[in-house]
Amino acid sequence: MKIKEVKELETKELVEKIGEEVAKYNQMKLNHSITPLENPSEIKATRRDIARLKTELRQRELNK
């Protein structure tokens, strides 16, 4: 997910997307511990997407 896409989301959608991505990340980590993922770099990419979303949410909170 690009930062441009993140900035276009509304705050409510942003919070929902963070929840979805965190659940996806936790599921990927669990699956990877049982059987290795085909592309383990997806875990890293998901973690960075979560960071982008949280950063944008925090910036919006500070700009109020």
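Author: A helix here is a DSSP run of H or I with at least four residues, while a strand is a run of E with at least two, and both are numbered from the N terminus. The model is predicted, so that local features need pLDDT of at least 70 and side-chain atom pairs count only at pLDDT 80 or more, whereas totals for chains, interfaces and linings use all residues. Residues are numbered from 1 along each chain as its sequence is written, and side-chain values use heavy atoms, with hydrogens and water left out.

Side chains of opposite charge can pair when their charged atoms come close. A salt bridge is counted when a side-chain nitrogen of Lys or Arg lies within 4 Å of a carboxyl oxygen of Asp or Glu, and by this rule there are five salt bridges.

One of them joins R60 to E56, with the closest N and O atoms 3.0 Å apart. These two residues stand four residues apart in helix α3, and therefore about one helical turn separates them. Helix α3 itself spans residues 41-62. Both R60 and E56 are buried, a word that stands for under 20% relative accessible area, with exposed meaning over 50% and partly exposed the range in between (1.4 Å probe, protein chains only).

E56 also forms a salt bridge with K7, where the closest N and O atoms are 3.5 Å apart. This pair links distant parts of the chain, since E56 belongs to helix α3 and K7 to helix α1 (residues 3-8), 49 residues apart. Through shared partners, the salt bridges join K7, E56 and R60 into one network.

A further salt bridge is found between the side chains of K17 and E21, at 3.8 Å from N to O. K17 and E21 are four residues apart in helix α2, so they too are separated by about one helical turn. Helix α2 covers residues 11-34. Within this pair, K17 is partly exposed because its relative accessibility is 23%, while E21, with a relative accessible area of 10%, is buried.
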